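Q: Walk me through this model, please. Start with one residue and what surrounds that residue.

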Amino acid sequence: MSRDTFADIITSIRNADMNRKGRVRIRSTKITETFVTILLREGFIQNARKHQERNKNFLVLTLRHRRNRKGSYIKILNLKQVSRPGLRIYSNYQRLPRILGGMGIAILSTSQGIMTDREARLKRIGGEILCYIW
């Protein structure tokens, strides 16, 4: 794992989704737990549970997949990392982007914690844009 934990989370979820895996296991930290609760609350993942193995805590995520009538796979989760350690992207609450006209979400790191763009607009605070999910 690299020093950019948020990129590791996004990459592992994206890879599991592309490979049609039903579950993802990621390291449990405060950042990952708040990110997973946002994904769970917004309906992008189906379930999340804690798992402990050799004194290390993990989160096991159950991804949500759709199948059409013919049984082929349709990708649901699209994640795009915006801010990274070499280039931080900040925005105030008035200029927060609307992803797909409000269908997707942007996740922000603010002074009051990690939250979605809708919550940041309601609280009238800006912050670092971490990723887009649609």
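A: T32 touches I9, I26, R27 and L59, leaving aside residues up to four places away in sequence. Contact here means heavy atoms within 4.5 Å. Before going on: this is a predicted model, where local features need pLDDT of at least 70, side-chain atom pairs count only at pLDDT 80 or more, and totals for chains, interfaces and linings use all residues. Numbering starts from 1 along each chain as its sequence is written, and side-chain values use heavy atoms, with hydrogens and water left out.

Q: Where is T32 found?

A: T32 is found in helix α2. Helices (H or I, at least four residues) and strands (E, at least two) are DSSP runs, numbered from the N terminus.

Q: Does T32 count as buried or exposed?

A: T32 counts as buried, because its relative accessibility is 4%. The cut-offs: buried is under 20% relative accessible area, exposed is over 50%, and partly exposed is in between (1.4 Å probe, protein chains only).

Q: Zoom out. How many helices and strands does the protein chain have?

A: Three helices and 10 strands. From the N terminus on, the order is α-β-α-β-β-β-β-β-β-β-β-α-β.

Q: Which residues have the most contacts inside the largest nonpolar core?

A: I13, F35, L61, I107 and I133, in a core of 23 residues. Such a core is a set of buried Ala, Val, Leu, Ile, Met, Phe, Trp, Tyr and Cys residues joined through side-chain atoms within 4.5 Å.

Q: Which elements give two or more residues to this core?

A: α1 (5-18), β1 (23-27), α2 (30-42), β3 (56-63), β8 (105-110) and β10 (127-133). α1 gives the most, with five residues. The core also draws at least three residues from each of domain 1 (1-77) and domain 2 (78-133). Those bounds come from an automatic or database domain assignment.

Q: What does I107 touch?

A: I107 touches F6, F35, I38, I114, M115, E128, I129, L130, C131 and I133, not counting residues up to four places away in sequence. M115 and I129 also belong to a second, separate core of 10 residues, which includes L96 and I125 too.

Q: Back to β1. Which residues are on the covered face, and which on the uncovered one?

A: V24 and I26 are on the covered face; R23, R25 and R27 are on the uncovered one. β1 runs antiparallel to β3, joined by five bridges. Strands count as paired if DSSP finds at least two bridges between them.

Q: New topic. How many salt bridges does the structure hold?

A: Six. A salt bridge is a side-chain nitrogen of Lys or Arg within 4 Å of a carboxyl oxygen of Asp or Glu. One of them is R41 with E119, with the closest N and O atoms 2.9 Å apart. R41 lies in helix α2 and E119 in helix α3 (residues 117-123), so the pair ties together parts 78 residues apart in sequence.

Q: Which residue does E42 form a salt bridge with?

A: R118, with the closest N and O atoms 3.0 Å apart. E42 is in helix α2 and R118 in helix α3, 76 residues apart. E42 is partly exposed at 28% relative accessible area, and R118 is partly exposed at 34%.

Q: Which residue does R88 meet in a salt bridge?

A: E128, at 3.1 Å, N to O. R88 is in the loop between β6 (79-81) and β7 (90-91), and E128 is in strand β10, 40 residues apart. R88 counts as partly exposed at 43% relative accessibility, whereas E128 counts as buried at 11%.
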